[in-house]
Amino acid sequence: MKIITRTEYLNRIIELNQTPDIKIITGIRRSGKSELMRAYIEYLKGHFENINIIFIDFMDMTYEKLKEYHSFHAYVEEHYQAGKTNYLFVDEVQMCPSFELAVNSLYSKRKYDIYITGSNAFLLSADLATLFTGRYIGIHVFPFSFREYCRYYDETDDKEKLFEAYSIRGGLAGSYVYKTEADRIRYIKEVYETIVTRDLVQKYSLPDTLVLQRLSEFLMDNISNLTSPNKVSQLLTANKTITNHVTVGKYIKYLCNAFVFYDIKRYSPVFDS
């Protein structure tokens, strides 16, 4: 898969270098959080000498034994090097149960510059203040913008044609490696279903997955339209998906928390007469 440097995000992390906050890279699944972390590690290696990088990827079986938070904590402490700037990078941190206890302890020692990524269902913006007792700052990563899409394909001339393709393919760059439209659509659908039918159901112990599915489909069909939980619940119930405005309101919040949708407030300009 082709990799491009996402300059805006990389520059943002560089701005936060050696600040005391825990840096948390968030965003929807497959938006490029792990690749951004790796790009920053390469930047550090290329620009600084007296540094020590401690990197843990919980998707890698090499770190399987660290999925117990005491072992995770001990491993980091064992790899600390005095006299150097110590950076701690943890990818897919949610795979270590009670990871926040280890991270908060390491943060309290003031010895590490800490960066973490994780599944969007486990690092929701609404949960960060509860998980991390220390200071933290979020770096939110979106799927590819149209500008990044053009850079990926090394094309900038026929922007109308490119935008037409972008509007169909979207910004999940992982789908670009597939040669057929059917395979690209299948990839995007699997990412979506993983978030909606697994991540959210698991995190919130949702009893009614059908309502969540129908609600998500409705919201996709009504992007940019005014939406109210009461109206949506009436429409879903009329189409034989029985629900109520309270459930719909909660589920919309959950979908936004997981970055499947974004809440845009209505703007009503006031003009002086």
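Select Val232 and the residues around it. In this predicted model, Val232 touches Leu215, Phe218, Thr227 and Val248, leaving aside residues up to four places away in sequence. Val232 belongs to helix α10, residues 229-238. Its relative accessible area is 1%, so Val232 counts as buried, the cut-off being under 20%.

Select helix α1 (residues 7-15) and helix α2 (residues 33-47); their axes come within 10 Å and cross at roughly 60 degrees. Because of that angle, α1 is oblique to α2. The crossing of α1 past α2 is right-handed. To display the contact, show side chains for Tyr9, Leu10, Ile13 and Ile14 on the α1 side, and for Leu36, Ala39, Tyr40 and Tyr43 on the α2 side. Colour the contact of α1 with α2 by residue class and you get eight nonpolar residues, no polar ones and no charged ones.

Move on to strand β1, residues 22-27. How many of the six residues of β1 are buried? Six of the six are, and the strand is mostly covered. Look along β1 to sort its residues by direction: Ile22, Ile24 and Thr26 point one way, while Lys23, Ile25 and Gly27 point the other way, and all are buried.

Strand β5 (residues 136-141) runs parallel to β1 and is joined to it by six bridges. To find one of these pairings, pick Lys23, whose bridge partner in β5 is Ile137. Strand β4 (residues 112-117) also pairs with β1 in the parallel sense, over three bridges. Here, pick Ile24: its bridge partner in β4 is Ile116.

The last stop is strand β2, residues 51-57. Five of the seven residues of β2 are buried, so the strand is largely enclosed by the rest of the structure. Which residue of β3 stands opposite Ile56? Select Val90 in β3 and you have the residue facing Ile56.

Conventions:
Residues numbered from 1 in each chain as written. Predicted model: local features only at pLDDT ≥ 70, side-chain atom pairs only at ≥ 80, totals over all residues. Heavy atoms only, no water. Axes fitted to C-alpha atoms, helices over the stretch in contact; angles between N-to-C directions. Helix = DSSP H or I, 4+ residues; strand = E, 2+ residues; numbered from the N terminus. Parallel < 35°, antiparallel > 145°, perpendicular 65-115°, else oblique. Left-handed = near helix turned anticlockwise from the far one by under 90°. Contact = heavy atoms within 4.5 Å. Nonpolar A, V, L, I, M, F, W, Y, C, P; charged D, E, K, R; others polar. Buried < 20%, exposed > 50% of the residue type's maximum accessible area, 1.4 Å probe, protein only. Pairing = 2+ DSSP bridges.
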